[in-house]
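Let's take a friendly walk through a protein model and see how some of its side chains pair up. Have the 3D view ready as you read.

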Amino acid sequence: MRRIYAAVLVLSILLVGCTAQFGYRYLDTFIEWQLDDYVELTDDQQERASEIIDELHQWHATKQIPQYRVRLQSLRQALAEDTVDRDLLEQIEMDAWYFWQQIKDQIAARTDFLNTLSDVQKQQLIASMQSKIDEQREEEAEEGDDLFASYDRVKRRQESIEERLGTLTDAQRQLIKVWVTESEAVPNDYDWLAYRQRWLDAFEKALLQSPIKAERIESLITDPEQMLSDEQRENRRAKAAIRHQYLAKLSGTLNQEQRDTLIEQLDEYIETCRDIEAHFGG
């Protein structure tokens with residue numbers, strides 16, 4: 001079920017990393033293939049998992065994609081009129097969290113699937129999820145937290161933005177460097193892997209109960225942030241405020257070529273939304 005939870009996030013970020021309508025149409029099949037990486041299902045379980053994925057896919061395409069299109073059109077207009085500011089960016093992020101909450105609610109409503117798992121399958125699911133966390137922990141340990149790692153983070157941020165805007169000016173590169181530096185100055189108590197580990201530990205405890213503690217599992221899915229401390233929540237808000245501030249500043253530095261590049265990308269995303277709506281709505 002956690003794989004379904006994670007996979008549906010892929011659907012929700014379609015407009016950030018994937019513009020292929022064909023890929024979206026058949027993403028449910030891809031997700032089903034990936035389930036085998038986490039737990040071996042019986043034929044009956046596989047059939048039910050397919051039904052769940054199809055339901056979520058159809059819901060997302062018909063309910064959320066149209067809302068994405070409306071938000072993208074608003075952002076496109078603001079870019080064209082050079083009116084992107086911090087308030088707009090904050091609203092976009094609030095909308096994104098709202099959409100993500102809707103997805104989590106849809107997934108939580110289908111947690112009865114977990115009742116079909118045997119004890120062996122439950123242990124297999126937990127072990128697979130733990131393995132993913134351990135792999136990421138090893139990768140982070142190799143990266144380290146020294147001056148070179150900080151330099152790499154600045155470089156990655158610059159390259160990521162350059163992929164969207166095209167060639168950056170020296171002033172824009174400096175702005176991004178200051179952005180990363182200020183963000184890293186916020187205490188990094190929001191340890192993503194530690195947070196995921198606490199979530200998994202709580203999920204495992206609820207899953208291995210007999211009977212399964214369904215309400216607890218639904219709570220963990222709809223409100224995973226409950227595993228954060230008050231200080232971690234505040235640090236995350238502080239980092240978000242810095243992000244909004246520097247994205248707004250960066251928007252004010254765009255030249256016409258960069259602005260046109262962004263608008264062209266948004267037009268592609270908007271058209272993809274229309275195609276998806278037509279396909280699934282029909």
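Arginine 173 is partly exposed, with a relative accessibility of 27%. Keep in mind as you look around that this model is predicted. Which residue does arginine 173 form a salt bridge with? The partner is glutamate 162, and the closest N and O atoms are 3.0 Å apart. Arginine 173 sits in helix α9 (residues 170-185) and glutamate 162 in helix α8 (residues 147-165), so this pair ties together parts that are 11 residues apart in sequence. Glutamate 162 is partly exposed too, at 23%.

Side chains of opposite charge can pair when their charged atoms come close. The structure holds 15 salt bridges. One of them joins the side chains of arginine 243 and glutamate 93, at 2.6 Å from N to O. Here arginine 243 belongs to helix α12 and glutamate 93 to helix α6 (residues 86-108), so the pair links parts 150 residues apart in sequence.

Arginine 48 and glutamate 51 also meet in a salt bridge (3.3 Å, N to O). These two are 3 residues apart in helix α5, which means that about one helical turn separates them. Salt bridges with shared partners join Arg48, Glu51, Glu55 and Arg110 into one network.

## Buried residues and a charged patch

Now find serine 251 in helix α12 (residues 230-251). Serine 251 counts as buried, at 7% relative accessibility. Tyrosine 38, in the loop between α4 (27-35) and α5 (43-80), is buried as well, at 11%.

On the surface, a patch of negative charge gathers residues including Glu135, Glu138 and Asp191. Glutamate 135 lies in helix α7 (residues 119-143) and is partly exposed, at 40%.

How values were computed:
Residues numbered from 1 in each chain as written. Predicted model: local features only at pLDDT ≥ 70, side-chain atom pairs only at ≥ 80, totals over all residues. Heavy atoms only, no water. Patch = residues over 30% accessible without salt bridge, like charges linked within 9 Å, V, L, I, M, F, W, Y side chains within 5 Å. Areas by Shrake-Rupley, 256 points an atom, 1.4 Å probe, with all protein chains shown as cover. Salt bridge = Lys/Arg side-chain N within 4 Å of Asp/Glu carboxyl O. Lys, Arg positive; Asp, Glu negative; His and termini not counted. Charge placed at Lys NZ, Arg CZ, Asp CG, Glu CD. Helix = DSSP H or I, 4+ residues; strand = E, 2+ residues; numbered from the N terminus. Buried < 20%, exposed > 50% of the residue type's maximum accessible area, 1.4 Å probe, protein only.
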